[in-house]
Amino acid sequence: MIRFTCPCGKSLSARDEYAGETTRCPDCILYSQFKLDEPWDGPNNSKLISQMPKFYALPNDPAMSSGSTYYRVFVGNGSAFDWCKGVALRDFKDGMSNTILVAEASTAVPWTKPDELDFDPNGSLPALGGHFSGGAVVGLADGAVRQFPQSINSQTLKAAITRSASDVLGPDW
Ligand SMILES: [Zn+2]
């Protein structure tokens, strides 16, 4: 068995008979097939929708073959992502462990489509969860995963979506 490292840093292994050949990990091979100057649904890129990596799917999601994901991010108005510029770690002043990075939305979108959850602090929130008992699953900016019930106070949820609003999460978090 040969052990080698993909240029992306991932450790891989291959049978001895492949010695001397060049390859990359499956994720990098998929990435290299995207034409970055073409829209997500262009003639080349739309062919890759059906190749969604497993980690975009809900556990045991039979709809995975459709290439759609429920895992989406909040964007804009002080949430973890901005529309026009990158966000640095130092911009998470409410604390990484108090800020949602990715959420299980109620509706799925093609995994390659830039179709995120537009965060409006004064409006109603998009529907989350609905696939697991115990509520919606979110990934926090510190890498932790947690679940909260649908009954959660919307102020608490908004406080968890903002990264630097100096707001305190309610006792129902
Ligand atoms: Zn790689």
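In this predicted model, residues 24 or more positions apart account for 53% of those contacts in the protein chain that have a separation of 6 or more. Of the 173 residues of the chain, 18% count as buried. The C-alpha trace spans about 60 × 35 × 30 Å along its principal axes.

**Secondary structure**

- The protein chain contains two helices and eight strands.
- Read from the N terminus, the elements follow the order β-β-α-β-β-β-β-β-β-α.

**The four-stranded sheet**

- Four strands form an open sheet in the order β3-β5-β7-β8, and their pairing is antiparallel.
- The edges are taken by β3 (68–72) and β8 (145–148); each has a single partner strand, so one side of each is left without a neighbour in the sheet.
- On average, neighbouring strands of this sheet are turned by 35° against each other, with direction ignored.
- Four bridges join strand β7 (residues 136–140) to β8 in the antiparallel sense.
- Gly-139 has Val-145 in β8 as its bridge partner.

- Helix α2 covers residues 154–161, and its buried residues are Leu-157, Lys-158, Ala-159, Ala-160 and Ile-161.
- These buried residues of α2 pack against β4 (74–75) and β5.
- The largest nonpolar core has 18 residues, of which Phe-74, Ile-100, Ala-103, Ala-136 and Ile-161 touch the most other members.
- Strands β5 and β7 and helix α2 are the elements that give two or more residues to this core.
- In soluble globular proteins, nonpolar side chains tend to be buried together.
- Leaving aside residues up to four places away in sequence, Phe-74 touches Ser-79, Ala-80, Phe-81, Ile-100, Ala-103, Leu-117, Phe-119 and Ile-161.

**Val-102 in strand β5**

- Val-102 lies in strand β5, which comprises residues 100–110.
- Is Val-102 buried or partly exposed? Val-102 counts as partly exposed because it has 19 C-beta neighbours inside 10 Å, whereas a buried residue requires 20 or more.
- When residues up to four places away in sequence are not counted, Val-102 touches Tyr-71, Val-73, Val-138 and Gly-139.
- The C-alpha atoms of Val-102 and Leu-117 are separated by 9.8 Å, and the two residues are 15 residues apart along the chain.

**Residues with positive phi**

- Most residues other than glycine have a negative phi.
- Asn-77, a residue other than glycine, has a positive phi near 55°.
- Asn-77 is located in the loop between β4 and β5.
- Asn-77 is partly exposed because 17 other C-beta atoms lie within 10 Å.
- Ser-166 also has a positive phi, near 55°, and is a residue other than glycine.
- The position of Ser-166 is in the segment after α2.
- Ser-166 counts as exposed because it has 8 C-beta neighbours inside 10 Å, and the exposed class comprises residues with 12 or fewer.

How values were computed
Residues numbered from 1 in each chain as written. Predicted model: local features only at pLDDT ≥ 70, side-chain atom pairs only at ≥ 80, totals over all residues. Contact = placed C-beta atoms within 7 Å. Pairing = 2+ DSSP bridges. Axes fitted to C-alpha atoms, helices over the stretch in contact; angles between N-to-C directions. Core = buried A, V, L, I, M, F, W, Y, C linked by C-beta atoms within 7 Å.
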